[in-house]
Amino acid sequence: MGLKTKSEIGILKDMIGIYCRGMSHKKPCRQCDALFSYAEKKSMSCPHEGGHVFCSICSVHCYDEIHREKIREVMRYSSRRYFLKHPVTTLSHGMALLRKRKEEKNKESQKA
Ligand SMILES: [Zn+2]
């Protein structure tokens with residue numbers, strides 16, 4: 001497992017934790033635990049290991065529909081709160097997201 005995957009999984013865990021606490025889920029929360037194991041598995045088996053970031057980009061490609069919706073909900077809820085806690089991590093993640101979007105845009109324009 002690459003370093004990047006490891007830090008991704010750490011972020012995921014934090015984000016899901018923030019969401020779970022924020023929603024006042026009962027502990028242990030089977031719903032959020034299941035979402036985390038799913039995301040962790042996806043992250044580890046991701047073919048883009050090393051180059052991808054975990055959230056919207058990756059979930060679009062590898063998550064099934066139910067988990068995609070769920071992780072989006074978690075991200076929506078947790079991202080701002082996570083940013084307040086870890087501004088540097090969030091910023092570098094945001095930069096990677098922008099880079100990836102740009103790459104994809106370039107690819108598309110090459111196809112056309
Ligand atoms: Zn929960």
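## Helix H4

Buried here means under 20% relative accessible area. In this predicted model, the residues of H4 that qualify are Ile71, Val74, Met75, Tyr77, Ser78 and Tyr82.

H4 covers residues 65–85, 21 residues in total. From its first C-alpha to its last it reaches 29 Å, close to the expected 30 Å. H4 also has a kink of about 45°, centred on Ser78.

## Ser78

Ser78 sits in helix H4. Its relative accessible area is 0%, so Ser78 counts as buried. Beyond its neighbours within four places in sequence, Ser78 is in contact with Met15, Ile18 and Tyr19.

## Zinc site

Four residues coordinate the zinc ion: Cys20 through SG, His25 through ND1, Cys29 through SG and Cys32 through SG. The distances are 2.0 to 2.2 Å. Along the sequence, the donor residues follow the spacing C-x4-H-x3-C-x2-C.

The arrangement is tetrahedral because the four donor atoms subtend angles of 105 to 112° around the zinc ion. The ideal angle for four tetrahedral donors is 109.5 degrees.

## Confidence

Mean pLDDT for the protein is 80. A value of 70 or more is reached by 82% of the residues. Among the elements, helix H2 (residues 30–44) has the highest mean pLDDT, 90. Helix H3 (residues 56–62) has the lowest, 60. Where pLDDT is low, predicted coordinates should not be read in detail.

How values were computed: Residues are numbered from 1 along each chain as its sequence is written. This is a predicted model: local features need pLDDT of at least 70, side-chain atom pairs count only at pLDDT 80 or more; totals for chains, interfaces and linings use all residues. Side-chain values use heavy atoms; hydrogens and water are left out. Donors are N, O and S atoms within 2.8 Å of the metal (3.2 Å for Na, K and Ca); water is not among the atoms, so sites may look incomplete. Four donors count as tetrahedral if all angles lie between 85 and 135 degrees; four count as square planar and six as octahedral if opposite donors are over 155 degrees apart and all others between 65 and 115; anything else is irregular. Helices (H or I, at least four residues) and strands (E, at least two) are DSSP runs, numbered from the N terminus. The expected span of a helix is 1.5 Å times one less than its number of residues. The bend at a residue is the angle between axes fitted to the seven residues ending there and the seven starting there. Buried means under 20% relative accessible area, exposed over 50%, partly exposed in between (1.4 Å probe, protein chains only). pLDDT is the predictor's confidence in each residue, from 0 to 100. Contact means heavy atoms within 4.5 Å.
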